[in-house]
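Here is a short briefing on one protein model. Please look over the sequence and the structure before reading on.

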Amino acid sequence: TGKPADVAALLVLRGDAHAALKQLDDAKNAYEEARRLAPDLPEASQGLAVLALVQQRTDEAERLADEAVQKSGQRADPWMLKAGLLRAQGKHPQAIDAYQQALKREPNHIGARLSLAALYMQDRKFEAAQQEIEAARKAEPKSLEVRLVQAQLDFSQQKYPQARDGLQEVLK
(Lines give C-alpha, C1' and ligand atoms only; values in the text may rest on other atoms or scores of the structure.)
Protein backbone atom coordinates (compact mmCIF):
# COMPACT_ATOMS: atom_id res chain seq x y z
CA THR A 1 0.00 0.00 0.00
CA GLY A 2 1.66 3.15 -1.27
CA LYS A 3 0.57 6.32 -2.96
CA PRO A 4 -2.18 5.73 -5.52
CA ALA A 5 0.01 7.02 -8.37
CA ASP A 6 2.82 4.61 -7.45
CA VAL A 7 0.42 1.68 -7.14
CA ALA A 8 -1.14 2.65 -10.48
CA ALA A 9 2.28 2.70 -12.15
CA LEU A 10 2.94 -0.81 -10.85
CA LEU A 11 -0.46 -1.93 -12.08
CA VAL A 12 0.40 -0.64 -15.56
CA LEU A 13 3.57 -2.73 -15.47
CA ARG A 14 1.52 -5.72 -14.37
CA GLY A 15 -0.90 -5.05 -17.21
CA ASP A 16 1.99 -4.88 -19.68
CA ALA A 17 3.28 -8.22 -18.39
CA HIS A 18 -0.14 -9.85 -18.68
CA ALA A 19 -0.53 -8.43 -22.20
CA ALA A 20 2.87 -9.82 -23.19
CA LEU A 21 1.74 -13.23 -21.94
CA LYS A 22 -1.51 -12.83 -23.91
CA GLN A 23 -3.52 -12.83 -20.67
CA LEU A 24 -5.78 -10.11 -22.01
CA ASP A 25 -8.48 -10.17 -19.32
CA ASP A 26 -5.90 -9.87 -16.55
CA ALA A 27 -4.14 -7.09 -18.47
CA LYS A 28 -7.41 -5.20 -18.91
CA ASN A 29 -8.22 -5.53 -15.20
CA ALA A 30 -4.79 -4.19 -14.22
CA TYR A 31 -5.03 -1.22 -16.61
CA GLU A 32 -8.56 -0.39 -15.47
CA GLU A 33 -7.55 -0.52 -11.81
CA ALA A 34 -4.57 1.72 -12.58
CA ARG A 35 -6.87 4.17 -14.34
CA ARG A 36 -9.22 4.17 -11.36
CA LEU A 37 -6.35 4.90 -8.94
CA ALA A 38 -4.62 7.51 -11.12
CA PRO A 39 -7.02 8.90 -13.74
CA ASP A 40 -4.32 11.17 -15.22
CA LEU A 41 -1.89 8.33 -15.94
CA PRO A 42 -1.67 8.05 -19.76
CA GLU A 43 -0.02 4.61 -19.72
CA ALA A 44 -3.19 2.94 -18.44
CA SER A 45 -5.22 4.36 -21.33
CA GLN A 46 -2.42 3.41 -23.72
CA GLY A 47 -2.47 -0.18 -22.49
CA LEU A 48 -6.24 -0.37 -22.89
CA ALA A 49 -5.93 1.12 -26.39
CA VAL A 50 -3.43 -1.54 -27.41
CA LEU A 51 -5.71 -4.26 -26.03
CA ALA A 52 -8.65 -2.84 -27.98
CA LEU A 53 -6.53 -2.79 -31.11
CA VAL A 54 -5.44 -6.41 -30.60
CA GLN A 55 -9.11 -7.32 -30.29
CA GLN A 56 -9.85 -5.35 -33.49
CA ARG A 57 -11.98 -2.75 -31.75
CA THR A 58 -10.53 0.16 -33.71
CA ASP A 59 -13.03 2.80 -32.60
CA GLU A 60 -12.39 2.03 -28.94
CA ALA A 61 -8.62 1.97 -29.55
CA GLU A 62 -8.82 5.43 -31.13
CA ARG A 63 -10.90 6.80 -28.26
CA LEU A 64 -8.46 5.43 -25.70
CA ALA A 65 -5.45 6.69 -27.67
CA ASP A 66 -7.04 10.15 -27.73
CA GLU A 67 -7.59 9.87 -23.99
CA ALA A 68 -3.90 8.97 -23.48
CA VAL A 69 -2.86 11.93 -25.65
CA GLN A 70 -5.02 14.27 -23.54
CA LYS A 71 -3.11 13.10 -20.46
CA SER A 72 0.30 12.91 -22.15
CA GLY A 73 1.89 16.13 -20.93
CA GLN A 74 5.49 15.92 -22.15
CA ARG A 75 5.36 12.19 -22.97
CA ALA A 76 5.87 11.16 -26.59
CA ASP A 77 4.59 7.56 -26.41
CA PRO A 78 0.86 8.34 -26.38
CA TRP A 79 1.38 10.41 -29.53
CA MET A 80 3.32 7.52 -31.11
CA LEU A 81 0.40 5.19 -30.42
CA LYS A 82 -2.07 7.64 -31.93
CA ALA A 83 0.19 8.19 -34.96
CA GLY A 84 0.49 4.45 -35.50
CA LEU A 85 -3.29 4.03 -35.41
CA LEU A 86 -3.75 6.85 -37.91
CA ARG A 87 -1.00 5.52 -40.16
CA ALA A 88 -2.56 2.04 -40.18
CA GLN A 89 -5.80 3.60 -41.40
CA GLY A 90 -4.02 5.44 -44.21
CA LYS A 91 -4.59 8.85 -42.63
CA HIS A 92 -1.15 10.19 -43.53
CA PRO A 93 -1.64 13.91 -42.81
CA GLN A 94 -3.08 13.20 -39.35
CA ALA A 95 -0.36 10.62 -38.64
CA ILE A 96 2.32 13.13 -39.64
CA ASP A 97 0.80 15.68 -37.25
CA ALA A 98 0.78 13.11 -34.43
CA TYR A 99 4.42 12.12 -35.06
CA GLN A 100 5.34 15.81 -35.01
CA GLN A 101 3.56 16.15 -31.66
CA ALA A 102 5.67 13.28 -30.34
CA LEU A 103 8.80 15.07 -31.58
CA LYS A 104 7.76 18.30 -29.82
CA ARG A 105 7.89 16.31 -26.60
CA GLU A 106 10.97 14.24 -27.42
CA PRO A 107 12.96 15.76 -30.31
CA ASN A 108 15.39 12.83 -30.56
CA HIS A 109 12.71 10.12 -30.73
CA ILE A 110 14.20 7.89 -33.44
CA GLY A 111 10.95 5.97 -33.97
CA ALA A 112 9.04 9.16 -34.72
CA ARG A 113 11.75 10.44 -37.06
CA LEU A 114 11.96 7.20 -39.03
CA SER A 115 8.19 6.75 -39.14
CA LEU A 116 7.90 10.26 -40.56
CA ALA A 117 10.60 9.43 -43.11
CA ALA A 118 8.65 6.33 -44.16
CA LEU A 119 5.43 8.31 -44.57
CA TYR A 120 7.23 10.97 -46.58
CA MET A 121 8.71 8.26 -48.81
CA GLN A 122 5.25 6.81 -49.42
CA ASP A 123 4.08 10.28 -50.38
CA ARG A 124 7.19 10.73 -52.59
CA LYS A 125 8.40 13.67 -50.48
CA PHE A 126 12.00 12.53 -50.63
CA GLU A 127 13.61 15.75 -49.37
CA ALA A 128 11.44 15.75 -46.25
CA ALA A 129 12.25 12.06 -45.71
CA GLN A 130 15.97 12.80 -45.99
CA GLN A 131 15.68 15.57 -43.40
CA GLU A 132 14.05 13.18 -40.92
CA ILE A 133 16.72 10.55 -41.57
CA GLU A 134 19.47 13.13 -41.01
CA ALA A 135 17.87 14.21 -37.71
CA ALA A 136 17.67 10.56 -36.63
CA ARG A 137 21.29 9.97 -37.68
CA LYS A 138 22.38 13.01 -35.66
CA ALA A 139 20.61 11.62 -32.58
CA GLU A 140 21.92 8.06 -33.05
CA PRO A 141 24.85 7.99 -35.48
CA LYS A 142 25.43 4.23 -35.30
CA SER A 143 21.80 3.12 -35.57
CA LEU A 144 21.28 0.24 -37.99
CA GLU A 145 17.64 1.22 -38.28
CA VAL A 146 18.64 4.67 -39.56
CA ARG A 147 20.93 3.07 -42.12
CA LEU A 148 18.16 0.73 -43.25
CA VAL A 149 15.69 3.58 -43.77
CA GLN A 150 18.37 5.53 -45.64
CA ALA A 151 18.85 2.52 -47.95
CA GLN A 152 15.08 2.37 -48.50
CA LEU A 153 15.07 6.05 -49.41
CA ASP A 154 18.01 5.58 -51.78
CA PHE A 155 16.19 2.67 -53.43
CA SER A 156 12.98 4.72 -53.71
CA GLN A 157 14.96 7.38 -55.57
CA GLN A 158 16.57 4.76 -57.85
CA LYS A 159 19.98 5.33 -56.29
CA TYR A 160 20.69 1.62 -56.49
CA PRO A 161 24.45 1.62 -55.76
CA GLN A 162 23.92 3.70 -52.58
CA ALA A 163 20.99 1.49 -51.53
CA ARG A 164 23.10 -1.65 -52.04
CA ASP A 165 26.02 -0.19 -50.09
CA GLY A 166 23.72 0.88 -47.27
CA LEU A 167 22.15 -2.57 -47.03
CA GLN A 168 25.58 -4.20 -47.00
CA GLU A 169 26.50 -1.99 -44.04
CA VAL A 170 23.36 -3.12 -42.23
CA LEU A 171 24.10 -6.79 -42.97
CA LYS A 172 27.65 -6.51 -41.58
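The notes below cover the fold, the surface, the salt bridges and one lysine.

This is a predicted model, in which local features need pLDDT of at least 70, side-chain atom pairs count only at pLDDT 80 or more, and totals for chains, interfaces and linings use all residues. Residues are numbered from 1 along each chain as its sequence is written, and side-chain values use heavy atoms, with hydrogens and water left out. The protein has ten helices and zero strands. It holds 13 salt bridges.

**Fold and dimensions**

- The sequence reads as α-α-α-α-α-α-α-α-α-α. Helices (H or I, at least four residues) and strands (E, at least two) are DSSP runs, numbered from the N terminus.
- The C-alpha trace spans about 60 × 30 × 30 Å along its principal axes.
- Take the contacts (heavy atoms within 4.5 Å) between residues at least 6 apart in sequence: 43% of them join residues at least 24 apart.

**Burial and surface**

- The protein has 172 residues, and 39% of them count as buried. Buried means under 20% relative accessible area, exposed means over 50%, and partly exposed lies in between (1.4 Å probe, protein chains only).

**Charge**

- There are 25 positive and 25 negative side chains. Lys and Arg count as positive, Asp and Glu as negative; His and the chain ends are not counted.
- The centres of the two sets lie 3 Å apart. Each charge is placed at NZ of Lys, CZ of Arg, CG of Asp or CD of Glu.

**Salt bridges**

- Side chains of opposite charge can pair when their charged atoms come close. A salt bridge here is a side-chain nitrogen of Lys or Arg within 4 Å of a carboxyl oxygen of Asp or Glu.
- Glu33 pairs with Arg36, with the closest N and O atoms 2.5 Å apart. Both residues sit in helix α2 (residues 24-37), three residues apart, about one turn of the helix. Glu33 is partly exposed at 29% relative accessible area, while Arg36 is exposed at 54%.
- Glu132 and Arg113 form another salt bridge, at 2.8 Å from N to O. Glu132 lies in helix α8 (residues 126-139) and Arg113 in helix α7 (residues 110-122), so the pair ties together parts 19 residues apart in sequence. Glu132 is buried, with a relative accessible area of 11%. Arg113 is also buried, at 17%.
- Lys172 bridges to Glu169, and their closest N and O atoms are 3.6 Å apart. Lys172 is exposed, with 78% relative accessibility. Glu169 is partly exposed, with 37%.
- Arg35, Arg63, Glu67 and Lys71 belong to one network, joined by salt bridges that share partners.

**Lys28**

- Lys28 is placed in helix α2. Its relative accessible area is 33%, so Lys28 counts as partly exposed.
- Which residues does Lys28 touch, not counting those up to four places away in sequence? Lys28 touches Leu48 and Leu51.
- Lys28 and Val12 are 16 residues apart along the chain, and their C-alpha atoms are separated by 9.6 Å.
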